[in-house]
Amino acid sequence: MKNSVSKTSLHDVVIVGAGAAGVGVGATLRHAGIENFLILDRSTVGASFRSWPRETRFITPSFPTNSIGMLDLNAVALGTSPAVSLRAEHPTGRSYAEYLELVASHFKLPISTNTDVINIEKVDGEFHIEIDEGIVRSKHLIWAAGEFQYPTTEGIPGLEHCSHTATIDRYEELEGENFIVIGGYESGIDAAYHLAERGKHVQLFDSGCPWQSKTSDPSVALSTYSMERMKAPHFVDRVELQPYTRIAAVLRKDKSYIVSTLDGIQYSTNSPPLFAGGFDGSHKLIEDLFEKRDDGFPLLSEKDESTATSGLFLCGPAVRHGNQSFCFIYKYRQRFAVVAKAIADELDLPAENLEVYRMWGMYLDDLSCCGQECVC
Ligand SMILES: Cc1cc2nc3c(=O)[nH]c(=O)nc-3n(C[C@H](O)[C@H](O)[C@H](O)COP(=O)(O)OP(=O)(O)OC[C@H]3O[C@@H](n4cnc5c(N)ncnc54)[C@H](O)[C@@H]3O)c2cc1C
């Protein structure tokens, strides 16, 4: 059901997206004393998490550490814990969406669901946010529309013959005995694990070798959860790993799918190959409002504001600073308070309550202090 959206009044802030980033930064705006804001989502709260394959679970663990001042790794708001709400260490996407609903309801977040944002323009110092019914106006805009709903569909000729892992409802429903998975980071290993558990044989290709990366940063190396899963007997027996193998093309021939490597080797299967090749990301929709970094991600100020459009902030996994990627919840949530403080300052609000975020390690405003690797 769509909540009513005021198209005449000028909001202090509009957030696009009610996923982990939108809900989390919304709760932080509340703590900053900002009242006149609105969250717009084309679907429901936590819609992307609801669309994960049903077997897929969080790789980052949840644990009720809040009582000793360490926020649950998957929490998006102070005083909350998915471990406590869901009684699960590695929740499924669907159950995590329930946690987000609880957070949204606890903080009484003003969310308009089923409200697709079609276009954004800055006109005379205001953001004009186009939805089906007209224009919503705001002084500030936080883009938190995520990545999951914008999977990569280009890059390898014949990719249209593959199923992106983001489009799989259940691995148990996939027909066939032999599968090819392209991509060996978290989603690819997850797909291979579930297929092998169901007795299927899997060949998994990656242009690198994420499972042997020397770094301790899970934005680059495979998570410990996935490493553990790779030791399961069904994984060891039924998954053939093909590292440092770049796929050149995918062809469909009669009922078969032919996957060719750059070295000219061909593999065939009767099931559509699974593509675990990541996401283009929603920021591409509004790329004209950002300058671009060399890697294509939006260039942001130290407050996560667009360097091209003042008043536009980015929250979520596309946030990048230097060589730091904030692609996990426990990373990008540290920037919610930075964004909320920047907006509160512009609105002349004291935002004193945000200081408590520092105690919880949820206020990373010194970007030089992050990026330390584990030494042992
Ligand atoms: C399989 C998988 C496993 C993962 N496991 C982990 C993990 O263990 N730990 C971890 O920290 N991270 C994990 N991640 C990453 C994590 O899911 C993302 O970082 C997170 O979903 C990003 O949250 P978000 O709010 O930015 O985006 P989303 O959750 O995608 O939310 C964006 C919201 O914006 C809405 N939206 C999109 N476009 C529009 C529009 N034009 N108008 C209006 N609304 C719009 C969508 O409906 C959606 O509700 C995983 C990701 C995947 C795919």
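A residue is buried if 20 or more other C-beta atoms lie within 10 Å of its own, exposed if 12 or fewer, and partly exposed in between, with C-beta atoms placed from the backbone. The model on screen is predicted: local features need pLDDT of at least 70 and side-chain atom pairs count only at pLDDT 80 or more, while totals for chains, interfaces and linings use all residues. Residues are numbered from 1 along each chain as its sequence is written.

**Stop 1: a buried residue**

Select Phe49, which sits in helix α2. Helices (H or I, at least four residues) and strands (E, at least two) are DSSP runs, numbered from the N terminus. Phe49 counts as buried because it has 23 C-beta neighbours inside 10 Å. Touching, or contact, means that the C-beta atoms of two residues, placed from the backbone, lie within 7 Å. Then pick Thr28: from Phe49 it is 21 residues away in sequence and 21 Å away in space, C-alpha to C-alpha.

**Stop 2: the ligand**

Show the ligand and the 34 residues around it, of which Gly17, Gly19, Ser48, Gly146 and Gly316 come nearest. A residue belongs here if its C-beta atom, placed from the backbone, lies within 6 Å of the molecule. Colour α1 (20-31), α2 (47-50), α5 (186-197) and α8 (329-332), the elements that give two or more residues to this shell. By class, the shell has 18 nonpolar, twelve polar and four charged residues. Ala, Val, Leu, Ile, Met, Phe, Trp, Tyr, Cys and Pro count as nonpolar, Asp, Glu, Lys and Arg as charged, and the others, Gly among them, as polar.

**Stop 3: the two domains**

Colour domain 1 (10-149 + 279-369) and domain 2 (159-275) separately; these bounds come from an automatic or database domain assignment. Their centres, taken over C-alpha atoms, are 31 Å apart. Where they meet, ten residues of domain 1 are in contact with 14 residues of domain 2. The domain 1 side of this meeting has five nonpolar, three polar and two charged residues.

**Stop 4: a sheet**

Select the open sheet of three strands, ordered β11-β12-β13 with antiparallel pairing. Strands pair if DSSP finds at least two bridges between them. At the edges are β11 (247-253) and β13 (266-269), each pairing on one side only. Six bridges join β11 to β12 (residues 256-261). To see one of the pairings, select Ile247 and its bridge partner in β12, Thr261.
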